[in-house]
There are 2 protein chains.
Amino acid sequence: MKKVAVIALGGNALLRGDQAGTIDEQEQNTTDTLENLVHLIREGYELVITHGNGPQVGNILMRNDAGESVYGIPQMPLDICVADSQGGIGYMIERMFRNVLKKHHIDKEIVTLVTQVLVEKEDPAFSAPTKRVGKIYSREEADRLLSDKGWEFKEDKKKHDGWRRVVPSPKPIGIMNEKVVETLARQGTIVIAAGGGGVPVYIDEEGRVRPAEAVIDKDNASSLLASRIGADEFYILTDVSFVYLNYGTPDQEEKEFLDYRDTKAYLEAGMFGEGDMAPKIWACLDFIEKGGRKSVITEAFKLEDKSYGTKITMEYED
Amino acid sequence: MKKVAVIALGGNALLRGDQAGTIDEQEQNTTDTLENLVHLIREGYELVITHGNGPQVGNILMRNDAGESVYGIPQMPLDICVADSQGGIGYMIERMFRNVLKKHHIDKEIVTLVTQVLVEKEDPAFSAPTKRVGKIYSREEADRLLSDKGWEFKEDKKKHDGWRRVVPSPKPIGIMNEKVVETLARQGTIVIAAGGGGVPVYIDEEGRVRPAEAVIDKDNASSLLASRIGADEFYILTDVSFVYLNYGTPDQEEKEFLDYRDTKAYLEAGMFGEGDMAPKIWACLDFIEKGGRKSVITEAFKLEDKSYGTKITMEYED
């Protein structure tokens, strides 16, 4: 049986922070990234692709705001905006990947699933929203939206001077359609799923699926998907080729191989630093803990050369 | 083997023209419509659901326009907007259908596929755009957009005083992922696909899949999907329970049963009138011509009572 790899494409794989966000930029970045996944296909992997949606859903939220103020069009809630972004981004990845595969004379089917991801209604994240989304508001606008819609805000001094809406980032506990993803992938179809961490939903008291006004961390949702479908390997593609201990200090140390126990100890000691990298490594560990064989953190452009990339396994590989 | 039915949900199944377009309205309409599909499931049909996206993609286009003018966010091309609408609407239908099935104690998997639909690059529709999309522009704005982006416009005097962008409505010739839709449906999964007629794409000289700035008729795309997956029956759910000959004239005649030959003759004689109904009936005939057993045009709310609905078959049923 062929190996299944879940590949989480980071935001910059599709759109970099220094770009305006035109469709031409997004298509070119996406093509460049996907070119590198061809190596994995040639090595015999079946692929499930997940992706971020930060810049895109940010733009969709801003457009909703502008559409209401200019034309009076009702704004859509966050769940619909995330689902919209899955449609647009998923379609773009699927179309560009068809062209990349054609160029390499690889004949594989590709499908894009709009994916709901289950969270717990009682997740403590709901009482402590942390994830910034959407536009920068003035204090007055933020106060009005808090009173009108119950939106919560945090001051954003780092990048901008103003207030941004914050939404909860609950833990994913289940992936709708996981069986379909698994079946399709094992049959050799490339599956694009769980974009933007999935559309967050929860089950209410009557057993109904309800939307959660939240954003699920893309790497957590991808790791859970990888576990649930019994994937062999889990890749997080980001903007560094290796994970470092004590990054940016004189003691900085590149890590090519990591085992479960050491990684967990480093994480708990804060040695991967705060910010973006620690959550990615937790997502990788979670996959290993649930039986996954290997997690890899690297850049898309380094996938061909196996001497790059940090490989995390239960026991040291080397 | 169970029968497969493709069900095309008309625009008003999700959002009526007299509604503002809030998410609450859309969710309620969708639930009401889906309640009626339960009858078909109980009768033993496997379902593939397609849907329109007129009001929703119209709003997405307006939001793109407003987002650019208010915040300078680059507008997305029409193909991305259609894909966005497939994500949002497909997710909504899937989530509401899960709740409807739960209420009726029916255990079935549901998936939403983002669907590309192939058109011919040489389709004559590309030189004669007819489909109105997006906002109402002034003559000056329309002239500027024609010069900046090559958009074409038609004066819209019927509903509004101004100019609207017109895009081609080419004929669908292939459905990406048709095998996946067929396999999933035959395995008992409800598949939501080809929303808004699908994202229109064509194959260029180098064999690459390219986006077409166009809109494919939803009923045509649905009919083609139904043929390609070998569906047994094709339903167009709209706002009338029957098709009429000479509708709105003293000779008006309700038709419960129609055969292929008579229907074609009526169509060619213009007896179904111009406007919306004739294209729907052509889509139904096309399905029959390609081997489909039965096409039905009716209202969702009349699906339970088989004495409603116009049934079109190769030979008269009764």
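Buried means under 20% relative accessible area, exposed means over 50%, and partly exposed is in between (1.4 Å probe, protein chains only). This is a predicted model, where local features need pLDDT of at least 70 and side-chain atom pairs count only at pLDDT 80 or more, while totals for chains, interfaces and linings use all residues. Residues are numbered from 1 along each chain as its sequence is written, chains are lettered from A and ligands numbered from 1 in the order written, and side-chain values use heavy atoms, without hydrogens and water.

Q: What makes Lys290(A) and Asp286(A) a salt bridge?
A: The term asks for a side-chain nitrogen of Lys or Arg within 4 Å of a carboxyl oxygen of Asp or Glu. The closest N and O atoms of this pair are 2.9 Å apart, so the pair qualifies. Lys290(A) is partly exposed too, at 47%.

Q: How do you know that Glu94(B) and Arg98(B) are separated by about one helical turn?
A: They sit four residues apart in helix H4 of chain B, and that spacing is why. Glu94(B) is buried at 0%, and Arg98(B) is buried at 15%.

Q: Why does Asn29(B) count as buried?
A: Its relative accessibility is 9%, so Asn29(B) comes in below the buried cut-off. A polar atom of its side chain lies 2.9 Å from the backbone oxygen of Leu14(B).

Q: What makes the copies meet through the same surface?
A: 100% of the interface residues of chain B are also interface residues in chain A, so that's the conclusion. The contact (heavy atoms within 4.5 Å) takes 53 residues from each of chain B and chain A. Across this interface the rule finds zero salt bridges.

Q: Why are the two copies said to be related as by a two-fold rotation axis?
A: A rotation of 180° with 0.0 Å of shift along its axis superposes chain B on chain A, with RMSD 0.0 Å. The two copies are therefore related as by a two-fold axis.

Methods
Least-squares fit on C-alpha atoms with pLDDT ≥ 70 in both. Polar contact = N/O pair within 3.5 Å; in protein donor to acceptor, adjacent residues only side chain to side chain. Helix = DSSP H or I, 4+ residues; strand = E, 2+ residues; numbered from the N terminus.
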